Amino acid sequence: MPILPLLPPRPLRRPWTAAGAALALALSLFVAVPASGSSATSGCRVDYTADQWTGGYTAQVHITNTGAPLSGWRLTWTYGGDRRVTSAWNATVTQVGRSVSAVNVAWNGALATGGTADFGLQGTWQSADSPPTDFALNGVSCGGDGTSPPTTPPPTTPPPTTPPPTTPPPTTPPSAECGSAAICENFEDQAGPAPAGSWRFTAPDCQGTGTAAVDTAVAHSGTRSLRLDGRAGYCNHAFVASTADLSSVGPVLHVRMWVRHTTALPAAHVTFVSMPDSSQGGKALRIGGQNGALQWNRESDDATLPAQSPVGVGLSKPLPTGSWQCLRFAVDTSAPKLDTWLNDEQVPGLHADGVPTQDVDQQWLSRTTPPKPTALRLGWESYGTGDDTLWFDDVVVGSSPVGC
């Protein structure tokens, strides 16, 4: 049975302050402008309501079309400070400099006179600024002075003739923790069934029947996640790769992700996280499993951490099935060291500190060149037996650790 998303409680609103602590804003803008060549009235009203905390914010945007019917819409505005949009839901949002543009998705493009549309976004900021006031719908200014708050909150449910809106991120979304992270992704801006934008399907070695999709039925937060249907056999590689360049992230590269899967890790070797590594000539630094437990693997020499001995495997952990698990790891790009946590608990067998430990890391430490990951790929790669269906969500990659 599909897991239906739950709408979170409406967050408390707090005053907008320059200090950057938790705060909120609300503004309503309205104007009616005569349409060119017509006696009809063209205009719009925009209710922009935001929650803000140090370093991050979310915003709900409610559009009311007060002019002639529209078959598609594009809302634009300008931020006065250094705000950056990192993701959005119910609209495709792009930003160039301080200029932001939001375009309807397939199901909410038609706006009758008096019709409404809702979308949301999240992002980061460093310097306090004023709320945006220069909204324009399809090039027509919504005007107003941006000072009057809305008399009623934006609706949480659209008319029955349109699909319900997707659930926005929780009150404290991943972007609040991201700062200047190279990747901060909850997949809410994925509008279609196939990964797009900054995430692309790839089969690094050979492609078979493994598939990737954007799932709107299962998610850790919001309403979307990345789903991989992995198939057994060497040539069934299926990954979704981020386009972000990780080569300058460091000196320690920190990764946090939530992963959910359906089948216990098999005895044979499998991989579900693959990072091209310039220190291996582009071959991958990999996280997966073997003998039923999590393990690291180095593609260039097939070294594993832990060693696949009873002692080594016993110091690792299985990846539980049927529930979301928080996987964190840290890769030192200046020394051959790394660390791994499952649900914020360190996994002893997946810890390499440069000091050899019998039956655990001697094979891993046979190579002294520090790893230098350049990209992130999420998916499934089996080298023998093992089908699995996995979901990934709330992925963060940067130079600072982000907890579960």
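Biologist: In which strand is D47 found?

Modeller: Helices (H or I, at least four residues) and strands (E, at least two) are DSSP runs, numbered from the N terminus. D47 is found in strand β2, residues 41-53. This is a predicted model, in which local features need pLDDT of at least 70 and side-chain atom pairs count only at pLDDT 80 or more, while totals for chains, interfaces and linings use all residues. Residues are numbered from 1 along each chain as its sequence is written, and side-chain values use heavy atoms, with hydrogens and water left out.

Biologist: Is D47 buried or exposed?

Modeller: Buried means under 20% relative accessible area, exposed over 50%, and partly exposed in between (1.4 Å probe, protein chains only). D47 has 5% relative accessibility and therefore counts as buried.

Biologist: With which side chain does the side chain of D47 make a polar contact?

Modeller: A polar contact is a pair of N or O atoms within 3.5 Å; within protein, one must be able to donate a hydrogen and the other to accept it, and residues adjacent in sequence count only if both atoms are side-chain atoms. Here the partner is the side chain of R45, at 3.4 Å.

Biologist: How many helices and strands does the chain have?

Modeller: There are two helices and 25 strands. Of the 404 residues in the chain, 51% are buried. Contact means heavy atoms within 4.5 Å. Among contacts between residues at least 6 apart in sequence, 70% join residues at least 24 apart.

Biologist: In what order do the seven strands of the open sheet run?

Modeller: Two strands pair if DSSP finds at least two bridges between them. The order is β12-β15-β24-β17-β18-β19-β20, with antiparallel pairing. At the edges are β12 (199-202) and β20 (303-305), each of which pairs on one side only. From one strand to the next the twist averages 30°; axes are lines fitted to C-alpha atoms, for helices over the stretch in contact, and angles run from 0 to 180 degrees between N-to-C directions. Inside this order, β17 (residues 270-276) and β24 (residues 377-382) are antiparallel and share four bridges. T271 has E381 in β24 as its bridge partner.

Biologist: Which strands form the open sheet of five?

Modeller: Its order is β6-β7-β4-β9-β10, and the pairing is antiparallel. Each of the edge strands β6 (91-96) and β10 has a single partner strand, so one side of each lacks a neighbour in the sheet. Strand β9 (residues 136-137) is joined to β10 by two bridges, and L137 has V140 as its bridge partner.

Biologist: Why is strand β16 largely enclosed by the rest of the structure?

Modeller: Nine of the 10 residues of β16 (residues 252-261) are buried, so the rest of the structure largely encloses this strand. Eight bridges pair β16 with β21 (residues 325-332) in the antiparallel sense, and V252 stands opposite D332. Seven bridges join β16 to β25 (residues 388-398), again antiparallel; there H254 has G398 as its bridge partner.

Biologist: How many residues does the largest nonpolar core have?

Modeller: In soluble globular proteins, nonpolar side chains tend to be buried together. A nonpolar core is a set of buried Ala, Val, Leu, Ile, Met, Phe, Trp, Tyr and Cys residues joined through side-chain atoms within 4.5 Å. The largest one has 44 residues, and F272, W296 and L376 have the most contacts inside it. A second, separate core of 26 residues includes C44, Y48, V93 and V100.

Biologist: How many disulfides does the count give?

Modeller: A disulfide is a pair of cysteine sulfur atoms within 2.5 Å, and the count comes to two. C44 and C142 form a disulfide with sulfur atoms 1.8 Å apart; at -115° about the S-S bond, the link is left-handed. C44 lies in strand β2 and C142 in the loop between β10 (140-141) and α1 (175-178), so the pair ties together parts 98 residues apart in sequence. C44 is buried, with a relative accessible area of 0%, and C142 is likewise buried at 0%.

Biologist: Which residue does the disulfide join to C326?

Modeller: C326 is joined to C404, with an S to S distance of 1.9 Å. The torsion about their S-S bond is about -85°, so this disulfide is left-handed. C326 lies in strand β21 and C404 in the segment after β25, so the pair ties together parts 78 residues apart in sequence. C326 is buried, with a relative accessible area of 0%, whereas C404 counts as partly exposed at 39% relative accessibility.
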